[in-house]
Amino acid sequence: MSEEVKESTEPHVRKDDPRSHVLSDPASKPEDIEEKKGAAAQRVVDPDYLFLEAPREKEFITGSEAAKESIRRANVDIAIAYPITPQSETMQQVGYLYAEGYIRDYYRGEEEIGVMSAVAGASRAGVRVLTATAGPGLMRGIEAIAAWPGGRLPSVLLVMCRVVNAPLAIQPDNVEISYLLNAGGIVLHGENQQDFYDYPLIAFMVSEKPEVSLPAAVAVDGFFVTHARNWVSMPAEDLKLPMRDCYHEAVPMMDNENPPIRIARDAPIQKSNFISYQMHAAWQQEIWAAQERSKKWLSRWLRGLIEVVNPKAKTMIVASGSAVSQSREAVRQATERGLDVGLIKIKSIRPFPTQELNEALDHAEKIVVPEFNYIGWLSKELKAAIDRTDRVFAGPRVYGGMTMPTEMIIDAITNSK
Amino acid sequence: MSKRAKRYSVRMAGIGGQGVVTASHVLSNGVIIDKGESTMVPFFGSEKRMAPVESYVRISEDAIYEIGEIIYPNVIVIFHTQVITHGKSYTMPFYTGLKENGVVIINSETVLELQADEEKELRDMNAQVYHIPASQLAIDFAGTELATNMAMVGAISAILGMPGPEAIEKSIRERFIGKGIVTSGGTAALDNVIEKKFAKKAVLVEKNNDVAKAARAFVVEKGWDRWFAEGRQTTSVN
């Protein structure tokens with residue numbers, strides 16, 4: 001771990017130095033070029049360059065392979081996971097990356113509470129840590145997951161959504177995202193294989209920003225994204241992110257005399273008085289303030305917390321995840337029929353893009369919110385964020401793992417409430 | 001007749017171990033090799049032999065946005081008669097959602113007897129029901145029933161008129177040699193079995209391709225490739 005790390009928000013390819021975005025290059029010693037392969041041959045580049053500027057090439061691959069290519073370029077120190085469908089294929093791919101030397105360590109945990117606790121330990125030790133789970137595994141690990149933000153522990157959790165509640169199924173249904181909404185961490189919801197390549201890399205960098213210092217989850221709908229093939233455009237595989245810079249973060253690593261470890265050792269629960277209440281309150285406020293501060297970086301690297309299609313349309317669809325893909329097709333069909341319909345894709349669920357949505361929906365007369373879960377967590381979030389909520393048609397919904405026929409969205413658009 | 005369909009939706013149904021998911025990868029990738037647009041997604045429960053498996057392939061000349069299972073297919077591909085006779089299907093009856101003038105192709109040496117009401121419904125929607133001895137072609141040309149899925153790929157591509165035989169051959173090659181595709185544990189184990197049956201992977205590719213070509217020839221001989229070519233297929237909007 002000897003890469004040099006620089007922090008900068010300046011443009012990354014300077015005119016006077018076309019290689020200014022390269023922070024560390026193993027090929028700088030010509031005698032090494034012959035031997036270097038795989039991870040050792042990767043160049044560390046500025047995140048701005050990797051996310052926004054580097055030339056890309058398209059490949060026709062599955063979501064699991066897209067995640068693998070993301071992790072290949074993420075400079076991950078340790079991956080920790082326990083297998084569960086539909087996450088298994090992705091973590092198997094990550095296992096190959098370990099075998100090829102792109103990840104420094106790989107730990108198969110006992111089960112998810114063990115996995116998520118180990119993630120806390122690894123992050124606290126100052127290394128870049130990746131984990132992934134799905135449905136019931138997320139439920140099993142959620143005690144530890146909910147403790148990560150208070151520990152101010154940067155990490156990335158991939159969530160391949162599937163049914164969690166009985167009767168059990170392994171098909172995609174994203175109700176599990178609702179369990180993450182109040183934990184305090186960042187939650188991104190990817191639409192497709194492309195997002196499953198882009199979002200984990202961005203999540204690592206945002207998660208580790210000193211003013212953020214929060215865990216980040218990247219959710220996608222299982223099978224529809226993980227096991228399905230689609231086009232993914234990616235920069236060259238010999239590029240990677242800078243390593244985690246744990247010495248310049250918001251909280252010191254493994255320091256027993258200072259928060260947050262000090263709080264774990266001397267928990268407020270041991271001396272319930274006004275100081276412990278005050279401490280907890282301030283700590284919680286700080287977690288949610290850090291979420292707000294993450295918006296700047298997320299907006300920059302995700303190219304906006306939301307994407308808007310047909311911004312002037314009177315009827316707007318608001319969606320996240322797979323529902324966005326179905327809505328794109330619904331917009332195409334609606335346009336063919338001469339209907340005036342637009343679409344807002346929400347990329348970041350936490351932090352929630354309240355301001356962006358209010359601006360983009362101010363003119364809308366009707367707002368349709370298609371979802372792949374029974375409870376409709378996104379429509380509830382939206383209603384809490386905007387005014388004139390009588391405009392919101394909170395549906396259509398599918399659940400239990402089936403996809404949403406585009407006809408259902410068209411019906412919701414054309415039918416009066 | 002109407003102009004060529006904008007996009008085709010293919011629903012494949014079979015049982016665990018037959019290579020339904022592999023077939024969908026080979027077909028979808030073949031379309032990509034032929035410069036078309038395609039996406040695919042598999043659907044199955046716990047991975048086990050003889051359990052229901054479906055896989056869906058979307059084929060289009062334009063961008064494809066939709067994801068998930070195909071509810072309204074143009075073509076339904078039945079890899080095993082148990083899909084119909086034992087209800088090993090995610091939809092009952094097996095042709096649920098088939099578009100008007102659609103095609104059903106069934107792996108069977110004999111014409112499968114359906115219920116009278118099923119016969120009527122298929123007739124009413126002007127469905128073309130074809131039977132192909134795919135498993136027998138696999139045994140004849142590759143010496144193993146495990147190549148049944150390649151026969152089905154050859155048959156579908158002939159019926160649709162795409163992807164072409166060269167693209168299918170290249171797609172089979174990419175599946176078994178070189179980068180390969182992501183497979184589940186069960187499929188990886190079956191890969192080991194099939195690789196042991198052939199001295200070299202090159203032979204395996206060649207035999208698989210022979211099966212696909214034989215199925216193509218079978219379809220052409222029967223004239224089933226004319227249905228889509230003559231544009232009788234309903235234009236698909238989704």
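I count two residues as in contact if their C-beta atoms, placed from the backbone, lie within 7 Å. This is a predicted model, where local features need pLDDT of at least 70, side-chain atom pairs count only at pLDDT 80 or more, and totals for chains, interfaces and linings use all residues. Residues are numbered from 1 along each chain as its sequence is written, and chains are lettered from A, ligands numbered from 1, in the order in which they are written.

**Domains of chain A**

I looked up the domain assignment, automatic or from a database. It gives domain 1 (22-247) and domain 2 (306-414) in chain A. Their C-alpha centres lie 27 Å apart. I then checked the contact: 21 residues of domain 1 of chain A meet 20 residues of domain 2 of chain A. On the domain 1 side, α6 (177-180), β8 (186-189) and β9 (215-221) of chain A each supply at least two residues.

**Chain A with chain B**

I turned to the contact between the chains. It takes 24 residues from chain A and 19 residues from chain B. On the chain B side, α1 (20-33) and β2 (37-44) of chain B give two or more residues each. β2(B) gives the most, with five residues. By class, I find ten nonpolar, seven polar and two charged residues on that side of chain B.

**A three-stranded sheet**

Helices (H or I, at least four residues) and strands (E, at least two) are DSSP runs, numbered from the N terminus. Two strands pair if DSSP finds at least two bridges between them. I traced an open sheet of three strands in chain A, order β1-β2-β11, with mixed pairing. Its edge strands are β1 (22-24) and β11 (239-240) of chain A, each pairing on one side only. β1(A) runs antiparallel to β2 (residues 43-45) of chain A, over two bridges. A:Ser24 stands opposite A:Val44 in β2(A).

**Chain A overall**

I count 13 helices and 17 strands in chain A. Its radius of gyration is 22 Å, close to the 22 Å that the globule rule gives for 417 residues, so chain A is as compact as a globular protein of that length. The radius is taken over C-alpha atoms, and the rule is 2.2 Å times the number of residues to the power 0.38. Along the principal axes, the C-alpha atoms of chain A fill a box of roughly 65 × 60 × 45 Å.

Notes. Ala, Val, Leu, Ile, Met, Phe, Trp, Tyr, Cys and Pro count as nonpolar, Asp, Glu, Lys and Arg as charged, and the others, Gly among them, as polar.
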